[in-house]
Amino acid sequence: MKIAVVGTGYVGLVSGACFAEMGNNVVCVDIDKDKIANLNSGIIPIYEPGLEEMVKKNCREGRLRFSTELTSVIDGLEILFCAVGTPPAKDGSADLTYVMELASQIGQCMTGYLLVVTKSTVPVGTSIKVKDAIRQELDKRGLNIEFDVASNPEFLKEGNAVKDFMSPDRVVVGIESEKARDILTRLYKPFLINNFRVMFMDIASSEMTKYASNAMLATRISFMNNIANLCEQVGADITHVRAGMGGDGRIGNKFLYAGIGYGGSCFPKDIRALIKTGEENGVEMTVLKAVESVNDNQKKVLYNKFLKHFKGDIADKRVAVWGLSFKPETDDMRDAPSLDIIKALITSGCTITAYDPIAVKTAQKIFEETSITYAKDMYEAVNNADVLMMLTEWKQFRMPDWNDIMKRMRTPYILDGRNIYEKEYLTSLGFCYEGIGR
């Protein structure tokens with residue numbers, strides 16, 4: 001199939017590469033000339049395991065290419081995926097500027113039947129606006145070209161996106177015609193040969209499914225963080241509570257980990273957008289407002305523990321930070337808890353030495369303060385430190401040489417923001433350990 005994916009961000013680039021990997025002829029389009037030039041030179045703008053190899057392989061074999069001009073590639077297309085950004089506006093709603101600009105451009109240059117599929121995360125009703133915008137431009141041209149719109153939200157986990165796309169647990173598709181259904185069935189059948197898990201539904205339900213799914217996962221995280229904070233006050237251990245809850249088949253054990261809050265490109269902005277959609281339609285999203293409030297407060301928990309431990313006297317303290325990205329296997333720091341924690345530490349006059357396997361370059365673009373030093377490895381980061389804050393659970397942080405760390409630290413104090421260490425073991429070695437909800 002001949003496919004265009006417009007937008008070469010996280011979703012667009014992964015989608016384009018994976019469609020090409022399955023044998024399709026794919027062109028990824030973006031207005032950012034530097035990004036396209038880099039992609040054509042084999043330079044990948046994001047870190048995602050397996051993506052660079054897949055992009056280079058499919059470019060080499062002629063199935064994947066990159067362009068800045070939609071008009072030069074639109075002839076003969078069967079499907080055009082919209083994967084442009086929908087950043088949060090000042091009021092929390094999703095900014096559809098790029099989506100609507102693309103819709104208008106499609107109407108201005110399409111020459112034959114086209115299935116336009118929205119993969120960007122958009123509020124309910126966006127596909128109707130896209131359809132109207134395309135039709136308006138066709139009317140201006142005096143043309144009556146047939147086209148369809150559909151919704152196909154992504155459910156990719158950063159750090160596991162290629163695997164998620166190539167072997168999805170389900171594919172949600174919103175359609176309004178049998179022709180669109182047939183085309184998308186043909187597209188996704190190779191991905192799901194043994195178990196065709198494409199869920200067709202109306203477009204509005206498809207658009208809502210994306211938001212509702214992320215909202216549920218964020219709710220579970222905030223709920224567990226709320227319970228974890230209560231556990232600390234009553235003497236319970238959240239790791240035991242989680243095991244007890246997860247054993248209930250009605251609940252399950254996924255997304256029940258306590259920590260320092262969620263971040264990333266999806267949960268924060270999608271929660272805000274869904275709250276705003278509720279306001280616009282006269283429905284107060286009470287639960288989601290609480291979810292957002294709990295998460296905002298949770299990002300302060302580790303700093304507050306640090307402040308309490310040193311009785312407020314932290315101005316001259318040296319802080320070692322392990323992990324900067326919002327989760328492992330990505331360099332994404334959007335809304336990462338590390339941002340809030342580091343900003344609070346800087347304001348308090350602390351000296352910070354940070355280490356992350358991938359996200360250091362991202363952090364250097366965000367923080368220009370000279371009070372942050374970036375270590376070459378995890379052990380260098382703890383030299384003369386008064387506290388080690390573990391913020392992102394990269395695998396290499398799971399089994400460190402604690403005897404070496406004890407020798408390097410000025411004060412043997414561990415703040416475990418992801419509850420990956422055994423308190424009893426570290427205490428036996430002479431460390432002061434604090435986790436979340438323990």
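The second largest pocket of this predicted model has a volume of about 290 Å³. A pocket is here an open set of points on a 1 Å grid over the protein atoms alone, with protein on both sides within 12 Å along at least five of seven lines, whereas a cavity is a set of points where a 1.4 Å probe fits but cannot get out; lining residues have an atom within 4 Å of a point. Grid points are joined across faces, edges and corners, and the volume is the space filled by probe spheres set on the points. Of the 13 residues lining this second largest pocket, Glu232, Gln233, Lys305, Lys308 and Glu434 are the closest to its centre. Two or more lining residues come from each of helix H8 (203–234), helix H12 (301–309) and strand S14 (432–434), where helices (H or I, at least four residues) and strands (E, at least two) are DSSP runs numbered from the N terminus. H12 gives the largest share of this lining, five residues. By class, the lining comprises two nonpolar, five polar and six charged residues, with Ala, Val, Leu, Ile, Met, Phe, Trp, Tyr, Cys and Pro taken as nonpolar, Asp, Glu, Lys and Arg as charged, and the others, Gly among them, as polar.

Residues are numbered from 1 along each chain as its sequence is written, and side-chain values use heavy atoms, with hydrogens and water left out. Because the model is predicted, local features need pLDDT of at least 70 and side-chain atom pairs count only at pLDDT 80 or more, while totals for chains, interfaces and linings use all residues.

The structure holds two cavities of 30 Å³ or more. The largest cavity contains about 40 Å³ of space and is lined by Thr118, Ser120, Thr121, Val122, Ser151, Asn152, Pro153, Glu207 and Lys210. Its lining divides into two nonpolar, five polar and two charged residues. One of these lining residues, Thr121, lies in the loop between strand S5 (114–118) and helix H5 (126–140). Thr121 is buried at 9% relative accessibility, buried being under 20% relative accessible area, exposed over 50% and partly exposed in between (1.4 Å probe, protein chains only). Residues up to four places away in sequence aside, Thr121 touches Thr86, Glu154, Lys210, Tyr211, Lys269 and Asp270, a contact being heavy atoms within 4.5 Å.

The second largest cavity holds about 30 Å³ of space. Its lining consists of Arg318, Val319, Thr351, Thr353, Ala381, Asn383 and Ala385, of which three are nonpolar, three polar and one charged.

Asn24 is situated in the loop between H1 and strand S2 (25–29) and is buried, with a relative accessible area of 8%. Beyond its neighbours within four places in sequence, Asn24 is in contact with Met1, Ile3, Phe19, Arg63 and Leu187.

In helix H13, the buried residues are Pro337, Ser338, Leu339, Ile341, Ile342, Leu345 and Ile346. Their cover includes H12, S9, S10, helix H14 (360–366), strand S11 (372–374) and strand S12 (387–390). Gly349, with a positive phi near 85 degrees, follows H13. The loop between strand S9 (318–322) and helix H13 (337–347) contains Glu329, which has a positive phi of about 65 degrees although it is not a glycine. Asp335 is also placed in the loop between S9 and H13, and its phi is positive, near 55 degrees. Glu329 is partly exposed at 25% relative accessibility, as is Asp335 at 28%.
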